[in-house]
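Have the model open beside you and try each task before reading on.

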Amino acid sequence: LVIIIVSAGLERSVWNVIWVMGVFYWPPFVRLVRAYFLSLKEQDFVQAATALGIKPIWIVIRHMIPAVAMPILIQASMAVVSAVLTESTLSYLGFGVMEPTPTWGSMLSASTKFLRWVPSMSIFPGLLITAVTLAMNFIADGLRDAFDPRSQS
C-alpha cells in the first residue's frame, strides 16, 4: 500500500519504479547482513583472526562476507518474486511504467476490455507472471535447502 501511495506521487517511469521498489526492498537485506555479522563476530574463527592481529577490514573481507554471501543470494532470489509481483501490480493499477513500455501488468490491464473476445490477451501475461514467480520460488527454496545449514534435518 505504501509503495502504491509513493508511486502515485511520482512520474510514471521505469527508473521511478526501480527507485521506489529499491527503497522498500533494502531493509530485509540490511537486517539479514547485520544479524549474520553479529552472530559471526562471536565465532571462534573471527576471534582467532582478531587475536592474531588481523585488521578488522580484512576479517570482514576474507571471512565474514563469504559467509554472508549465500544467505544474501537466497534473500535476493526471494525478493525477485516480490519485485515481479509488485511491478505487475503497480502497472495493472496504472501506477507503474508508462504505456509505450510493455509490462505484464499493463498487458493484463489493457486486456480486461477484450477478455470476452480475445481471452489469450490476458491468459499469456498471467501465465508468464505465474511461471516466473513459481520458478523463482522453486529456485529460492532449492538454494535455501542446499546452503542453509539450519534447514537441514
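**Exercise 1. Find the volume of the largest cavity, then describe its lining.**

Step 1. The largest cavity has a volume of about 40 Å³. A cavity here is a set of points on a 1 Å grid over the protein atoms alone where a 1.4 Å probe fits but cannot get out. Grid points are joined across faces, edges and corners, and the volume is the space filled by probe spheres set on the points.

Step 2. Some background before you go on: this is a predicted model, in which local features need pLDDT of at least 70 and side-chain atom pairs count only at pLDDT 80 or more, while totals for chains, interfaces and linings use all residues. Residues are numbered from 1 along each chain as its sequence is written, and side-chain values use heavy atoms, with hydrogens and water left out.

Step 3. Count the cavities of 30 Å³ or more: there is one.

Step 4. Now the lining, meaning residues with an atom within 4 Å of a point. Ser7, Leu10, Glu11, Arg12, Ser13, Asn16, Val17, Val20, Phe95 and Gly96 line the largest cavity. Helix α2 gives the most to this lining, with three residues. Helices are DSSP runs (H or I, at least four residues), numbered from the N terminus.

Step 5. Sort the lining by class: four residues are nonpolar, four polar and two charged. Ala, Val, Leu, Ile, Met, Phe, Trp, Tyr, Cys and Pro count as nonpolar, Asp, Glu, Lys and Arg as charged, and the others, Gly among them, as polar.

**Exercise 2. Work out how α1 is placed against α2.**

Step 1. Take helix α1 (residues 2-9) and helix α2 (residues 14-41): their axes come within 10 Å and cross at roughly 150 degrees. Axes are lines fitted to C-alpha atoms over the stretch in contact, and angles run from 0 to 180 degrees between N-to-C directions.

Step 2. α1 and α2 are therefore roughly antiparallel to each other, a label for angles over 145 degrees.

Step 3. On the α1 side, Val2, Ile3, Val6 and Ser7 make the contact, and on the α2 side Trp19, Val20, Phe24 and Tyr25 do. Contact means heavy atoms within 4.5 Å. By class, seven of these residues are nonpolar, one is polar and none is charged.

Notes:
Helices (H or I, at least four residues) and strands (E, at least two) are DSSP runs, numbered from the N terminus. Angles under 35 degrees count as roughly parallel, over 145 as roughly antiparallel, 65 to 115 as roughly perpendicular and the rest as oblique. On a 1 Å grid over the protein atoms alone, a cavity is a set of points where a 1.4 Å probe fits but cannot get out, and a pocket is an open set with protein on both sides within 12 Å along at least five of seven lines; lining residues have an atom within 4 Å of a point.
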